[in-house]
Structure formats: C-alpha cells, structure tokens
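Please look over the sequence and the structure below before reading on. The briefing that follows takes up a few topics in turn.

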Amino acid sequence: WPTPGEIEPDISSFAGPEDLLFSRFMFQESSQTTNDEFFEITNIGNKTAVLNGWVVRRITTTGQTFNGTFSSLVIESGESVIVSPDASSIRAMEQSEVVDADEYMDFPVWLYDSGATIQLVSPMGIIADTFVYGNGPTDVVGWSGPSISDPVTSVDRILFLRGDGGR
C-alpha cells in the first residue's frame with residue numbers, strides 16, 4: 001500500500017475478495033469510433049472496497065495473460081462501478097458510476113470479441129471472481145462449466161448480466 005510517511009491502513013477494515021464480483025460486461029463496441037466495451041464490478045459486502053493494487057487479468061485461448069492493475073478505485077458497500085476504455089460513451093447510456101480505465105488502471109484490459117477469461121485478483125493473489133466468454137479457456141481457477149456464449153440472435157452489442165453466481 002503506497003502511503004509514504006503515513007501509517008499503513010488495516011486491510012481488514014476493507015472489503016475482501018469474497019465481497020467483489022463481476023456483475024455485467026459487454027465486449028462488442030457499438031461503432032468503429034467508440035470503444036464502449038466494459039465490465040462492472042459490484043461490492044456485495046458490508047465494507048468499502050479499495051481496489052488499489054487489485055488486478056484484472058485477461059487469459060486468452062492460447063493461455064497468454066495480460067494484467068491491468070488498479071491504481072485507485074473505491075467501491076462503497078452495495079455499489080457498482082463500470083470500467084470502460086471509453087467511459088464517455090458509456091455515460092451517455094448509463095446512470096451507474098462509470099470510470100475511464102485509462103485513469104484508474106496502469107494498463108486497461110480490453111475484452112476480445114472472440115472471447116477470453118477475465119479474473120479479478122486481490123493484491124495477495126486471491127481470485128475474487130472469474131467469468132469466461134466466447135472461446136476463452138474454461139479450465140481456470142474460479143470457473144466451472146462451459147463459457148458464456150452469445151445467444152442465437154441477430155442483435156448486436158449484447159449486455160451480459162450475472163445471475164446469483166452461486167453466492
């Protein structure tokens with residue numbers, strides 16, 4: 001926790017991995033000029049979540065990983081935050097809190113149209129949540145069963161919502 005000259009906070013006073021989950025995501029952009037894909041993180045716990053140092057990990061079908069680390073992001077108990085590389089496009093359609101991935105992460109994590117595995121990982125390496133879509137690998141910690149697939153439809157830009165997630 002980078003707090004030079006200050007007392008280190010007690011991490012037990014903040015939300016932990018069991019309190020955070022991915023609640024929505026959309027991986028298809030609406031046009032060639034915007035990148036309004038996003039994922040939403042929800043704090044289902046009773047404590048404030050401070051995501052400094054937390055990682056969003058993307059794993060491709062070939063097993064390549066890419067990590068984006070939050071430099072600062074706070075999610076209050078019972079609240080959700082949408083993270084997008086094009087927050088202004090999302091804000092035009094959303095009333096939830098929306099943040100720009102470029103401002104809150106060292107490297108924004110893009111959601112491949114072909115699919116991937118996405119994980120939320122605590123600074124201590126604990127996987128808080130995982131979702132797999134398209135051709136993303138399903139043999140990962142935090143996931144069981146087939147990947148989330150597109151329904152048979154001609155509708156573009158499908159928004160995927162989480163059910164109870166077994167929690």
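**Briefing on the predicted model**

Val-55 stands opposite Thr-69, a residue of strand β5. The model shown here is predicted, and the points below are grouped by topic.

**The open sheet**

- Strand β4, which spans residues 55–59, runs antiparallel to β5 and is joined to β5 by five bridges.
- These two strands belong to an open sheet of four strands, in which the order is β5-β4-β9-β10 and the pairing is antiparallel.
- Because β5 (65–69) and β10 (127–134) each have a single partner strand, they stand at the edges of the sheet, and one side of each is left without a neighbour there.
- On average, and with direction ignored, neighbouring strands of this sheet are turned by 15° against each other.

**The nonpolar cores**

- The largest nonpolar core has 27 residues, and those with the most contacts inside this core are Ile-41, Leu-51, Phe-70, Val-83, Ile-118 and Leu-120.
- Two or more residues of this core come from each of the elements β1 (20–26), β2 (38–43), β7 (80–84), β9 (115–121) and β10.
- Apart from neighbours within four places in sequence, Leu-51 is in contact with Leu-20, Ile-41, Phe-70, Leu-73 and Ile-75.
- A second core, separate and made of six residues, includes Met-26, Phe-38, Ile-82 and Val-98.

**Asp-100**

- Asp-100 lies in strand β8, residues 97–100, and counts as buried because its relative accessibility is 18%, where buried means under 20%.
- The side chain of Asp-100 reaches the backbone nitrogen of Asp-102 at 3.0 Å.
- Leaving aside neighbours within four places in sequence, Asp-100 is in contact with Ser-84, Pro-85, Ala-87 and Arg-91.

How values were computed
Residues numbered from 1 in each chain as written. Predicted model: local features only at pLDDT ≥ 70, side-chain atom pairs only at ≥ 80, totals over all residues. Heavy atoms only, no water. Pairing = 2+ DSSP bridges. Axes fitted to C-alpha atoms, helices over the stretch in contact; angles between N-to-C directions. Buried < 20%, exposed > 50% of the residue type's maximum accessible area, 1.4 Å probe, protein only. Polar contact = N/O pair within 3.5 Å; in protein donor to acceptor, adjacent residues only side chain to side chain. Contact = heavy atoms within 4.5 Å. Core = buried A, V, L, I, M, F, W, Y, C linked by side-chain atoms within 4.5 Å.
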